[in-house]
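Trainee: I would like to go through this model term by term. Please set each value against its definition.

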Amino acid sequence: MSDSNDTAATTGQYTPPAHHLLHSGYSNDTLRRWQSSNTELHPHNFVLPLFVTEDVSGEIPVVSMPGVSRYSIPALEQYLPSLLDDGLTSVLLFGVVPSARKDSVGSYSCAAGSPVVLAIKMIKTKFPSLTVICDVCLCAYTTHGHCGELHEDGSINNTASVNRITAQALAYAKAGADVVAPSDMMDGRVGAMKQALQREGLSGKVSVLSYAVKFSSSFYGPFRDAAESAPAFGDRRCYQLPLGSSGLAHRAAARDVAEGADMLMVKPGMPYLDLVRSVKDAFPHLPMFIYQVSGEYAMLHHGAAAGVFDLRKILSEVFTGMRRAGADVIISYYTPRVLRWLKEDHTAAGSPLL
Ligand code: PBG
């Protein structure tokens with residue numbers, strides 16, 4: 001669309017001074033890109049979360065997240081090549097195990113044969129260029145579904161929990177993970193993991209991505225269905241951050257940076273962009289991750305399915321907003337589709353922004 005400010009002068013209305021005329025600065029795609037620096041979307045800005053099972057039945061759709069499945073190791077091996085072809089650079093692994101594997105302390109989280117350990121080994125053998133991040137938490141491995149071990153009265157046993165998740169992180173690191181990402185929210189776990197990695201001679205190879213700013217959100221509902229990790233009683237408000245707190249969020253980020261976190265995350269995404277910006281400003285030298293969680297995925301899916309908006313356009317807006325807020329990396333279940341769109345854009349002459 002062309003634009004003209006000539007009429008104002010002839011009708012005697014307000015005439016903006018020349019330096020207030022902004023439209024000329026973004027009148028074509030290249031100019032629009034120049035005005036949008038640090039908000040570009042490249043394949044390396046996206047991480048794909050994957051649910052890995054020990055089931056051999058292949059690919060099992062997650063009902064609450066249409067388009068998302070859980071994969072057995074062989075099914076994952078089949079699925080990854082096309083994604084790599086589309087430019088996938090990184091995955092975030094979650095294990096899903098049957099209830100027979102679960103106990104009150106989540107001991108299977110550290111097992112040598114856990115689905116995550118087997119998936120890391122398969123990926124590092126078959127697809128060595130892929131960067132593997134592993135979620136570290138007990139909720140998928142405990143019978144009660146909480147993220148840590150509990151005292152008899154049901155409260156969190158922080159010391160026992162930190163010991164267990166540190167062992168879990170080491171099991172993943174030894175199997176070949178590039179990044180361990182504690183999402184449990186126990187106090188002191190980043191320092192414990194950094195120390196353990198150093199003791200094992202792995203500190204130069206394995207980094208720690210802290211889910212430092214993780215809120216006690218209703219947006220995690222579909223994930224708990226996918227990972228079979230809903231708490232059997234109570235909720236997670238005693239260890240995940242209160243929704244209105246930005247002070248605690250900053251203290252948690254500062255604490256994790258002091259303990260040696262290599263990268264930081266804010267989670268969920270869309271309602272917490274203020275914290276992406278302020279935490280990124282506070283720690284500009286650490287890569288900032290944002291997690292577009294399961295509930296955000298489902299909400300956007302259903303909105304598009306109901307004809308409220310076009311999925312591609314709305315995702316372009318949401319992801320650009322996340323980048324503008326300061327996110328370097330976006331964790332999204334939409335990654336496969338985004339990679340395909342980016343690839344099409346790259347090959348189509350004069351293509352629009354994503
Ligand atoms: C494990 C964990 C959760 C998510 C990531 N890691 C669930 C929770 O904390 O309740 C949520 C991810 C999503 O909703 O997509 N603690």
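Predicted model: local features only at pLDDT ≥ 70, side-chain atom pairs only at ≥ 80, totals over all residues.

Trainee: Where does Asn-38 lie, and what is its phi?

Mentor: Asn-38 lies in the loop between α2 (29–34) and β1 (46–53). Helices (H or I, at least four residues) and strands (E, at least two) are DSSP runs, numbered from the N terminus. Phi of Asn-38 is near 65 degrees, a positive value in a residue other than glycine. Most residues other than glycine have a negative phi, and most peptide bonds are trans.

Trainee: What is the phi of Glu-228?

Mentor: Glu-228 has a positive phi of about 50 degrees, and it is not a glycine. Glu-228 sits in the loop between α7 and α8. Its 17 C-beta neighbours inside 10 Å make Glu-228 partly exposed.

Trainee: What kind of peptide bond runs from Lys-267 to Pro-268?

Mentor: That bond is cis, with omega near -10 degrees. Pro-268 is in the loop between β8 (263–267) and α9 (273–282).

Trainee: Which residues does UniProt mark as "binding site"?

Mentor: The unreviewed UniProt entry places one such feature at His-146 and Cys-238. Those two are spread over 93 residues of sequence but cluster in space, with a largest C-alpha distance of 10.8 Å. The unreviewed entry's "binding site" annotation also covers Cys-137, Cys-139 and Cys-147. UniProt positions are in the numbering used here, feature names are shortened, and annotations may be inferred rather than shown by experiment.

Trainee: What makes His-146 buried, and what makes Cys-238 partly exposed?

Mentor: His-146 has 26 C-beta neighbours inside 10 Å, so His-146 counts as buried. Cys-238 has 13 C-beta neighbours inside 10 Å, so Cys-238 counts as partly exposed. His-146 is in the loop between β5 (131–136) and α5 (158–175). Cys-238 is in the loop between α7 (221–226) and α8 (247–258).

Trainee: How do you know which residues His-146 touches?

Mentor: Two residues are in contact if their C-beta atoms, placed from the backbone, lie within 7 Å. Not counting residues up to four places away in sequence, His-146 touches Cys-139 and Pro-231.

Trainee: Why do Cys-139 and Cys-147 count as buried?

Mentor: Cys-139 has 24 C-beta neighbours inside 10 Å, so Cys-139 counts as buried. Cys-147 is buried because 25 other C-beta atoms lie within 10 Å. Cys-139 is in the loop between β5 and α5, and Cys-147 is in the loop between β5 and α5. Leaving aside neighbours within four places in sequence, Cys-139 is in contact with Gly-145, His-146, Cys-147 and Ser-229. Not counting residues up to four places away in sequence, Cys-147 has contacts including Asp-184, Arg-236 and Tyr-239.

Trainee: What surrounds the ligand?

Mentor: A residue is near a molecule if its C-beta atom, placed from the backbone, lies within 6 Å of it. Among the residues around the ligand are Asp-135, Cys-137, Cys-139, Cys-147, Tyr-220 and Arg-236. The shell has six nonpolar, two polar and three charged residues. Ala, Val, Leu, Ile, Met, Phe, Trp, Tyr, Cys and Pro count as nonpolar, Asp, Glu, Lys and Arg as charged, and the others, Gly among them, as polar.

Trainee: Why is the protein called as compact as a globular protein of its length?

Mentor: There are 12 helices and 10 strands in the protein. Its radius of gyration is 22 Å, close to the 20 Å that the globule rule gives for 354 residues, so the protein is as compact as a globular protein of that length. The radius is taken over C-alpha atoms, and the rule is 2.2 Å times the number of residues to the power 0.38.

Terms used: Residues numbered from 1 in each chain as written. Buried ≥ 20, exposed ≤ 12 C-beta atoms within 10 Å, placed from the backbone.
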